[in-house]
2 protein chains.
Amino acid sequence: MSFDLTSYLDTRADQVNDALMRIFDSGSAPAVPTRIQEAMTYSLMAGGKRIRPILCIAAAEALGLPPTPHILTAACAIEVLHTYSLIHDDLPAMDNDRLRRGKPTNHIAFDETTAILAGDALLTLAFELLSAIPAKGHKEGKALLDIIHTLSRAAGYKGIIEGQMQDLAAEDIRLSLEELEAMHALKTGALIGASVYAGAVLGEGSITQIEQLGRYARHIGLAFQVADDILNVEGDTAVMGKVAGTDKHRGKSTYPSLLGMDESKAFEKKLVNNALKALADFDRRADPLRSIAVFIIERRK
Amino acid sequence: MSFDLTSYLDTRADQVNDALMRIFDSGSAPAVPTRIQEAMTYSLMAGGKRIRPILCIAAAEALGLPPTPHILTAACAIEVLHTYSLIHDDLPAMDNDRLRRGKPTNHIAFDETTAILAGDALLTLAFELLSAIPAKGHKEGKALLDIIHTLSRAAGYKGIIEGQMQDLAAEDIRLSLEELEAMHALKTGALIGASVYAGAVLGEGSITQIEQLGRYARHIGLAFQVADDILNVEGDTAVMGKVAGTDKHRGKSTYPSLLGMDESKAFEKKLVNNALKALADFDRRADPLRSIAVFIIERRK
């Protein structure tokens, strides 16, 4: 593929970052940010790669819709919700992490109380943003309600939260491959699926196209997790921005621990190929999505 | 007023409880509840009086709309969100309360990790419920997005969460009356306002009617807080289901501590009268709202 992914990711990440900053610049916000706003923006602007919002944008682009302000708002809502889940995951009562992307986690930079509330506020903000997108007609209104419903289900007690419960319960327990895959499908797959779905619905995809993009999302969602597990073993702390080898230290089941390293890499490759196959009916406007799938493996090199 | 409030509150609370139970009875839920579901329903079914959802229902009734399944779903969303805020408020990093409504708080009955996640899940569920209400036409769709927007703003970093930040920062500090009122407007007033607003919008009130119901909500919201402060001094632990005198123990500013008891009771009465005045243009169908306002003072007797 001749597609320049690095330049694409940089451009889209800049657009997402600009849109995220504007959320707190609105006229109704106080001139001096409150402590809760400071805590929210601290984690929101901590250098995330914006993969989920870019997937939302790229899914809409695959259907011919450029990154309009509405798409960017939906993309921001997804990143805001993702940031909430990171802040709460890092809490002392959860993974008790002190470092994230090379910076102190929210409860270290602020305090536990503020970190819990900043997470709550970001989760709430995701729905404030989505519900503020203007709906000109019945179709647009229904699409927004559909996206809110999909995102809330993905984030809820049958999605991310159940995944986190299973993940925490699984420390020092050897999961089966099926259990590991089910846990990841909830903990990380659901939100990646919702990100692509939001872009697909706003891009007014047909039922078939939305289904194909959903298949793409399921495969890259799992591929990302396998790649993360591999990185956790092979990566170095400086590149990752967090301490390498933490999974093993915590006794967590991972793909390398269940399958071995070679088979994990083969599995990851198969998932990426399946993701590409799901996009077979799409034209070159789906190249960003295709390149992102390939990038999952490439980013280690 | 000859209106039988006790019977009204019992009937409506039963309807809300039935609707809340049905959320988790849906066909897609697993037969054996997960631990996160158990934690969610534990606090949701811990004997709350359902004042907020009943205010939503009563506001719609004041406009002539009976408690339809859609109204009940919106009412449940509000109670579910309220329950999240109670669970997180009780956490060790917040108020560190061990008892709520005479029962162990969520993090005592389960654990801190589960309590944080159960709160997160309930907050998310509120938006899942609202976005699942079917919108037949453009008007209904816009109304639902409007309610989601109002509720998320009320719950967010310029609403409940900022109120909680201010409340926690104010321990052992003597607030001015203005600061105390501003804090309560955010911490409890915003959600009471959103509850009434949801009923008013679903009941298809005119702009004037929605404004009048909003004025009613602002006055009873504050009256509830003044009444709570009075109860915290005069109440006994058995009736309240929590330990009396805790506000004084924590060095929190309250209406009795700033105004004295007599003036607090006069202020509370004035607020209730203003709430009743806001309903002057409404007919007898607003009697439930009127009786609830009067009940705020009466419940101590």
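How are H1(A) and H15(A) oriented to each other? Before the answer, a word on the model: it is predicted, with local features needing pLDDT of at least 70 and side-chain atom pairs counting only at pLDDT 80 or more, while totals for chains, interfaces and linings use all residues. Residues are numbered from 1 along each chain as its sequence is written, chains are lettered from A in the order in which they are written, and side-chain values use heavy atoms, without hydrogens and water.

Let's start inside chain A. Helix H1 (residues 5–24) packs against helix H15 (residues 287–298) at about 105°, their axes 10 Å apart. H1(A) and H15(A) are therefore roughly perpendicular (angles of 65 to 115 degrees). Leu5(A), Tyr8(A) and Leu9(A) of H1(A) meet Pro288(A), Ser291(A), Ile292(A) and Phe295(A) of H15(A), where contact means heavy atoms within 4.5 Å.

Now cross to chain B. Here 50 residues from chain B and 50 residues from chain A take part in the contact. About 4100 Å² is buried between the two chains, with 71% given by carbon and sulfur atoms; this is accessible area (1.4 Å probe) lost on being put together, summed over both parts.

Within this pairing, H6(A) (residues 112–132) packs on H8(B) (residues 160–169) at about 165°, with axes 10 Å apart. That angle makes H6(A) roughly antiparallel to H8(B) (over 145 degrees).

Finally, two salt bridges are counted between chain B and chain A, each a side-chain nitrogen of Lys or Arg within 4 Å of a carboxyl oxygen of Asp or Glu. Arg153(B) and Glu128(A) form a salt bridge through their side chains, at 3.3 Å from N to O.

Methods
Axes fitted to C-alpha atoms, helices over the stretch in contact; angles between N-to-C directions. Helix = DSSP H or I, 4+ residues; strand = E, 2+ residues; numbered from the N terminus. Parallel < 35°, antiparallel > 145°, perpendicular 65-115°, else oblique.
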